[in-house]
Structures are given as C-alpha cells and as structure tokens.
Amino acid sequence: MKYLRLLLVNLFRKKIRTGLTIGSFAIAMLLFGLLVIVRFAFNQGVEVAGADRLIVMNRVTFIEFLPLSYMDRIASIPGIKGVTHATWFSGTYQDPKNFFPQFAIDPGTWHEVYPEYVVPDAEWKAFLDDQQSAIAGEVTAKRFGWKIGDRIPLEGTIFSGHWQFNLVGIYTGARPQDDTTQFWFHYDYLNETLKQKGARFGVNQAGWYVVKLENPDDAVTVVKKIDQTFANSSAETKTDTDLAFAASFAKQTGNIELIILVIGSIVFFTLLLVTGNTMAITVRERTAELAILKALGFSDRFILFFVLAESVLIALIGGTLGIGVAVVLAKLAMAYSNPLASVLPVLYFPADQVVVGIAAAVVVGGLAGLLPALAASQLKVVDALRRI
Amino acid sequence: MVRVDGTSGGESLVRIRGLDKTYRRGSEVIHVLQGLNLDVEKGEFVAFMGPSGSGKTTLLNLLGGLDTPSRGTISVAGDEITHMSAGKLTQWRARHVGFIFQMYNLLPVLTAFQNVELPLLLTKLSKAERKQHVDTALAIVGLEDRKDHYPRQLSGGQEQRVAVARAIVADPTFLLCDEPTGDLDRKSADEVLDLLTRLCREHGKTILMVSHDPLAADRAGAVLHLNKGALVEAQGAGGPA
C-alpha cells in the first residue's frame with residue numbers, strides 16, 4: 001500500500017495521455033462487452049435451456065404442427081414428469097417492427113414445465129379464469145407501456161384476424177438471463193376461435209411439445225421412446241433436448257462465435273499496441289527518475305513490477321469502465337427500450353463474462369507493459385544518469 | 001585521516017585498493033582509474049577535484065555501488081562491495097549510501113516530504129516512524145515549512161536541500177555528492193555547503209564530494225586531485241574534519 005501513492009501520482013502525471021490510453025481501453029472493452037452481449041443474445045436460448053427438458057417437434061420441420069392428441073400419449077411414457085405444449089402465433093402489434101414472441105399455451109401444464117418464469121399467484125389465477133386473457137413478460141410490458149387491465153390487440157399473420165387479449169399478468173424471470181419478452185395466451189382461445197371461424201388449419205394442433213423429465217440422465221432413453229411412439233404416423237416426431245434445440249436454433253444465424261473471436265482478437269491486439277506504445281514512451285520519459293529510484297536502492301524487480309503495475313492499472317481502469325458501460329447499456333436497453341428487440345430480445349451481460357473481460361484486459365495490460373518494464377528494470381543507473 | 005598511498009593499517013570506513021576502471025571505445029581501451037588507493041575514516045569530508053574526464057564521477061559511482069571496477073577492491077564499513085551481486089549491491093546501497101546529485105533529481109510528482117520519504121519506503125518503518133524521520137531530516141535542512149511543496153515550487157537551493165534531506169533520512173554510512181553546487185548560484189551553493197559542513201561536524205557524517213568549485217572544495221577536510229587515474233592529496237584543508 002505504501003507504494004500505491006507513488007504508482008497513482010506517476011500514472012496521472014500526464015493526465016491527457018493516461019486519459020486517452022484509458023479511453024482507448026474503455027472503448028475497446030466496450031466493444032468487447034457489446035460483442036459479449038450480442039453473443040449471449042444469440043445463445044440466450046442455450047444459456048437458459050433446461051437440462052431436464054425435451055422439445056418434441058414435427059419431424060418434417062418445426063413449423064409443421066403436431067396433433068393435440070399426442071399430449072396424453074407423451075405424458076404416459078415412463079420417465080416423464082410433465083408435458084405442455086405451445087404454438088407460435090406471430091401476431092403484429094400496431095406495427096410489424098414491434099416484434100415479440102407470442103405463444104398460445106396450455107395454462108394447466110405450463111407452469112410445471114417452466115418454473116423459471118415467475119407470475120404472482122393472483123395474476124396466474126386471473127389468467128386461468130379468463131380464456132381471453134394473456135400474460136406478458138416484463139420487458140415487453142415495459143417496452144410498450146402495458147399495464148395489467150390493458151386490452152392488447154394483435155393482428156394475426158399465421159392465424160388471420162383481429163385478436164384481442166386482456167392483460168392480466170406480467171411475468172419475470174427467476175434468473176436475470178431469462179427471456180421476459182414473451183406473450184402467452186390460452187391455446188383454447190386460439191383453438192375455439194379457429195373452430196368458430198370454421199378454419200381447418202391449426203385446429204386441434206399444437207406447435208410443439210415440451211417435456212419435463214423426472215431425471216435428466218434418462219434423456220436419451222425418453223427421446224428414443226417418444227420418437228418410436230410416433231414412428232410411421234402421419235406426424236412423426238423429432239425430439240431433442242432443450243439445449244440441443246436452442247443450439248441448433250442459434251446456429252441458424254451463422255457462426256457468431258467465429259465473428260466475435262476475430263473481432264475480439266483484433267481489438268485486443270490493437271490494445272496491446274496502443275498500451276505498449278504508451279508505456280514505452282512513459283519509461284523513456286522517466287529514464288532518469290527510474291535510475292534515481294535504483295540509485296536509492298529500489299531493486300530491478302521493484303522497477304519491473306512498478307512499470308507493469310502502471311500498465312495493468314491503466315488496463316484495469318479502462319477495462320472496468322468499458323465493460324461497466326456495456327453492462328449499464330444492456331440493463332438500460334432491457335429496462336427502457338431494446339433497439340434490437342425484434343432480433344435479439346434478451347440483452348444481458350453474464351456476470352462470469354464481466355470477470356473474463358476484466359481479466360483479459362489485465363492480461364493485455366500486463367503484456368503491453370512487459371517489454372517497457374523489462375527495459376526499465378535492466379536500465380543501468382550510470383548510463384541513465386550520464387544522459388541527464 | 002585520508003590516505004591515498006594504500007598504507008593505512010587502521011580500520012578505515014572506506015578502503016580502496018588497486019582500483020582500475022577501463023572503458024572500451026571501439027578498439028581503444030580507456031584507462032579511467034589506475035591502481036587507485038584510498039582510505040577515508042568515519043566523519044571525514046573529502047573533496048575530489050580534477051579536470052573533466054579525469055574519472056571523478058566514475059570513482060563516485062564505484063564507491064556508491066552503481067558501477068563495478070575492472071580490478072581492485074572497495075570496502076565500506078567492512079563490507080567488500082566489489083564482488084557483491086547486483087541484488088545485494090542494491091540492498092547495500094539502500095542501507096549505506098546517501099546520494100546527492102548536481103541536478104537534485106527529485107521526483108517532480110512528489111512533494112518534498114514524499115521525496116524525502118522515498119528511501120524509507122524500503123525499510124520496515126511504520127508510517128508514523130517514517131513521518132518522524134522525514135520531519136527530522138527536513139528540519140535539519142531547514143525546510144520543514146516546505147514539506148508539502150512540489151519541486152517546481154522550490155528554488156534550486158531548496159531543491160538541493162530536499163535532496164540532502166533525502167540522502168540523510170535513512171541515516172546512511174556516508175554521503176556521495178556529485179557536484180552538489182554545480183547548478184546553484186553562489187548564495188544557494190554556500191547554503192548547501194554550510195549544510196554539508198554542519199552534517200559532517202555536528203552529525204558526524206562521512207562525506208565524499210566531487211566538485212569543480214574550489215570554494216566548495218575549501219569546505220572539505222581533505223581535497224584530493226585525480227591525476228592520470230590516480231589520487232593525489234592536494235592539501236590538508238582547514239575544513240570540518
């Protein structure tokens with residue numbers, strides 16, 4: 001601690017230069033942070049996928065329906081704790097740009113399969129009591145300024161017509177990374193309305209089934225059993241774990257990991273050069289002072305760590321600042337208005353990635369300072385003093 | 001008593017025997033110091049004089065453990081420093097040597113107090129103890145009221161007095177002064193020389209000083225001239241020793 005003051009006064013003696021270097025770090029780490037947020041947003045489904053959940057889809061394609069009658073047959077398979085189903089609605093709220101995922105769900109079974117979605121008991125009861133009611137995620141509710149009691153109109157696209165819903169509840173996520181952009185309403189409301197209209201498309205059909213396992217270790221056996229049950233039927237099934245389904249869904253958007261890796265590498269390499277250059281100039285300017293410190297009895301190792309510490313401190317401040325801003329931006333976007341809501345509904349900076357980001361910044365700072373620090377530590381006092 | 005003939009049999013504080021220092025400049029070998037002997041006793045104030053390039057600063061650097069000799073030995077208070085490793089030499093320097101440079105060489109980002117405190121950071125003294133030592137050193141050089149001033153807020157003479165305080169704060173075995181008045185006006189130079197004289201007389205400090213200034217050399221108890229790489233006793237001055 002007794003050296004901290006010496007470190008700090010040296011660090012901020014050239015305020016503009018230090019400020020600009022910290023700024024470079026902050027901007028670069030902000031970019032890194034935004035990449036992490038985007039990566040997470042693309043992989044959000046994977047991140048929150050339940051290890052004990054299976055997704056049962058139509059074998060042909062996941063946009064094809066499955067008969068509603070499969071529900072009881074799936075539920076009777078050993079090893080299954082619960083089954084629910086959902087159907088993609090794809091309605092438009094006011095403007096096609098206002099995208100958010102809408103599902104017709106089975107309220108009686110939904111809660112057991114998705115316990116991470118938290119709905120107050122009174123609101124859930126109100127949902128069960130009213131077939132035309134709906135529950136929205138808190139992000140979507142905030143985004144459109146909805147309150148409980150509002151009437152939400154949606155223009156159907158897959159299921160044409162004007163649809164009206166009574167908003168009776170707002171759900172939150174048990175974890176910060178949970179998707180709270182969804183909009184749920186009664187499957188029965190959809191099905192009954194389609195029947196009343198005399199429609200054939202979608203009647204008594206569900207989009208997909210979600211199965212909750214008694215034991216995640218039984219996943220392979222249960223997957224086989226489900227698909228065998230419906231083999232050679234008019235609607236064969238393809239069952240996957242929730243994780244595999246989410247991962248395959250994420251992969252459809254391209255190799256985001258590679259893009260992020262390439263951009264991230266360029267960012268860190270640039271930082272290495274910028275900070276390395278700053279530290280080299282710093283050491284050159286302070287040759288005489290470093291020589292004096294050595295003359296006074298400060299060791300080569302002290303000088304090495306002293307210069308390294310300065311470089312690492314720059315990285316730490318800049319990195320924390322940049323990542324901090326990224327975290328705040330993600331929070332603000334989710335709290336007020338997510339500009340990417342239609343593509344990336346959940347913007348979130350995972351806590352472990354904050355640690356990874358700051359650690360990476362510190363490593364880059366250390367590497368950048370290494371050569372100048374070595375040069376400073378190997379400085380010959382006599383030569384340096386002769387130059388004064 | 002200072003001796004340069006290498007015949008002293010007593011226990012000198014500083015003892016140099018057969019000291020050589022050579023430099024290479026391309027294929028040319030330059031003999032800066034040749035077979036130099038020196039004995040300095042505790043509490044003496046010795047001035048080294050000589051023309052530029054005569055090796056005065058080289059000798060001071062060797063005495064301070066900042067450079068290594070080509071041949072010969074240097075012992076200070078019984079420690080032979082010529083064969084110490086770089087790390088040991090650094091530790092030895094911190095404990096035994098107080099440097100005073102021509103250009104003061106204070107750290108511009110630190111206050112007078114913080115500059116003087118620097119050598120104490122290498123010790124195990126507590127913060128309160130360090131403060132006590134620094135206050136004492138600043139009081140000795142008469143700058144206790146300027147302790148919160150930065151070097152840029154001090155005159156050249158005051159800066160050099162802070163440098164003297166830094167040199168004495170850890171109570172080193174001896175002070176090495178390289179042209180301590182070379183960058184000062186006469187009045188400030190006299191103040192610094194008064195201070196060095198007082199440190200020698202009243203506090204028993206051993207001082208080895210390089211100077212071009214005859215008035216500065218007059219303050220020393222002994223003045224030695226460097227001539228062709230060897231030391232020659234110039235006079236027995238009426239200085240403090």
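Q: Where in chain B is B:A77 found?

A: Happy to start there. This is a predicted model, in which local features need pLDDT of at least 70, side-chain atom pairs count only at pLDDT 80 or more, and totals for chains, interfaces and linings use all residues. Residues are numbered from 1 along each chain as its sequence is written, while chains are lettered from A and ligands numbered from 1 in the order in which they are written. Helices (H or I, at least four residues) and strands (E, at least two) are DSSP runs, numbered from the N terminus. B:A77 sits in the loop between β4 (71-76) and β5 (79-80) of chain B. Although B:A77 is not a glycine, its phi is positive, about 50°.

Q: Why does B:A77 count as partly exposed?

A: A residue is buried if 20 or more other C-beta atoms lie within 10 Å of its own, exposed if 12 or fewer, and partly exposed in between, with C-beta atoms placed from the backbone. B:A77 counts as partly exposed because it has 17 C-beta neighbours inside 10 Å.

Q: Is B:Y104 buried or exposed?

A: B:Y104 is buried, because 23 other C-beta atoms lie within 10 Å. This residue belongs to the loop between β6 (97-100) and α3 (112-117) of chain B. B:Y104 is not a glycine either, yet has a positive phi of about 65°.

Q: Which residues touch the most other members of the largest nonpolar core?

A: A nonpolar core is a set of buried Ala, Val, Leu, Ile, Met, Phe, Trp, Tyr and Cys residues joined through C-beta atoms within 7 Å. Here the largest one has 126 residues, and B:V46, B:A165 and B:I207 touch the most other members.
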